[in-house]
Amino acid sequence: MDKPSNLLLKLSRRLFDDSTAQEQFIQALTQPQSFPTCIIWCRQKPESLPFTVTTATTWQPDFIDCVSPGEKPGQFPLHEDGYYYCLDFSSVFAASTLLAISQPIATILDMCAAPGGKGIFAWKALQPELLISNEVIGKRLGMLISNLKRCQISPTAVTNLDPQMWSQRLPHTCSLAIVDAPCTGQSLLAKGDKALGCFHPALINKNASRQKRIIANSAQVVAPQGYLAYMTCTYSIEENEQVCEWFLARFPQFQPVEISHLARYKSHLTTIPCYRLFPQDGMGAGAFTALFQNQENMNQTSLNKQLLNLEMLQQQQIFPKFIN
């Protein structure tokens with residue numbers, strides 16, 4: 001994008017009151033810069049690395065490294081052998097809300113999983129008894145399964161189910177649901193990629209409606225005292241803060257969780273604690289993230305019944321592909 005569109009200019013004014021910040025945001029999208037690659041160490045980190053890494057942020061977990069600019073960690077045998085998974089810092093930023101979870105996590109459902117990075121981060125950070133990686137779009141299953149196998153993520157299952165099917169058949173069964181929601185992908189522009197129509201109100205509203213449907217169905221899968229993480233890689237308020245506000249209005253049993261290590265990135269566009277990374281920060285193309293906890297209580301008999309249903313559905317091959 002050589003010249004900012006009127007829709008981009010309008011978005012910049014909605015996001016920032018300060019004209020300097022508006023200009024920096026527009027420049028980041030019209031004159032994209034390269035961002036460093038991060039890696040999740042899925043296996044024991046070797047003492048000697050074939051690439052150099054940068055100084056870690058204060059909150060960065062020890063299983064994450066950011067490689068130095070110009071390095072291409074995906075080209076080394078360690079990557080092929082599954083020692084690490086490559087992703088950008090924006091994804092690490094978004095998934096880092098999960099670091100605020102201190103209680104044991106039994107089952108994680110990654111509702112929109114492909115290509116797998118957020119689920120792998122959750123698996124490494126929380127060490128669940130089971131990671132379920134769900135992907136509705138069938139043609140994306142191949143890359144998801146390949147990444148989970150290569151990185152030896154276990155125990156995990158891959159599913160191809162609509163979120164509504166999850167909410168109807170397996171309510172209150174998962175300790176954590178991750179919704180890395182499909183979006184307009186406006187941050188692709190900061191990487192120099194294309195995202196056709198990403199600022200058009202019709203496309204934004206279409207994605208926001210889909211996001212609300214997904215998060216609503218995902219909420220019903222979360223067990224009492226469990227968590228729901230919501231993330232996007234777009235900037236529009238309709239797909240981010242407004243989805244969170246809509247969600248809390250309809251599911252008041254969920255409460256937002258303050259993420260202390262992201263305090264400086266707290267969104268000023270809502271009173272809800274949620275967090276944004278912008279491309280002009282120079283760390284990644286951009287991300288939005290929020291974490292919610294289900295404050296409901298359920299007696300153990302009811303919860304055990306739900307878990308029994310989960311086991312029965314496993315036996316009925318609702319989980320078509322297991323990765324071991």
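**Close-up views of a predicted model**

View 1. Q211 sits in helix α8, which spans residues 201-219. Helices here are DSSP runs (H or I, at least four residues), strands are E runs of at least two, and both are numbered from the N terminus. The model is predicted: local features need pLDDT of at least 70, side-chain atom pairs count only at pLDDT 80 or more, and totals for chains, interfaces and linings use all residues. Residues are numbered from 1 along each chain as its sequence is written, and side-chain values use heavy atoms, with hydrogens and water left out. Is Q211 buried or exposed? Q211 is buried, because its relative accessibility is 0%. Buried means under 20% relative accessible area, exposed means over 50%, and partly exposed lies in between (1.4 Å probe, protein chains only). Apart from neighbours within four places in sequence, Q211 contacts A181, P182, C183, Y230, E239 and V243. A contact means heavy atoms within 4.5 Å. Y230 is 19 residues from Q211 along the chain, and their C-alpha atoms are 9.5 Å apart.

**View 2. Cys233 in a loop.** C233 lies between β8 (222-232) and α9 (241-250). UniProt lists C233 under "active site" in an unreviewed entry. UniProt positions follow the numbering used here, feature names are shortened, and annotations may be inferred rather than shown by experiment. C233 has a relative accessible area of 33%, so C233 counts as partly exposed. Beyond neighbours within four places in sequence, C233 touches C183, G185, Q186, S187 and G286.

**View 3. Where α8 meets α9.** Two packed helices are described by the angle between their axes and the distance between the axes. For α8 and α9, the angle is about 40° and the axes are 10 Å apart. Axes are lines fitted to C-alpha atoms, for helices over the stretch in contact, and angles run from 0 to 180 degrees between N-to-C directions. The pair is therefore oblique. Under 35 degrees counts as roughly parallel, over 145 as roughly antiparallel, 65 to 115 as roughly perpendicular, and the rest as oblique. From α8 come A208, Q211, K212, I215, A216 and A219; they meet V243, W246 and F247 of α9. These contact residues comprise seven nonpolar, one polar and one charged. Ala, Val, Leu, Ile, Met, Phe, Trp, Tyr, Cys and Pro count as nonpolar, Asp, Glu, Lys and Arg as charged, and the others, Gly among them, as polar.

**View 4. Helix α5.** Eight of the 10 residues in α5 (117-126) are buried. Among them are I120, F121 and W123.
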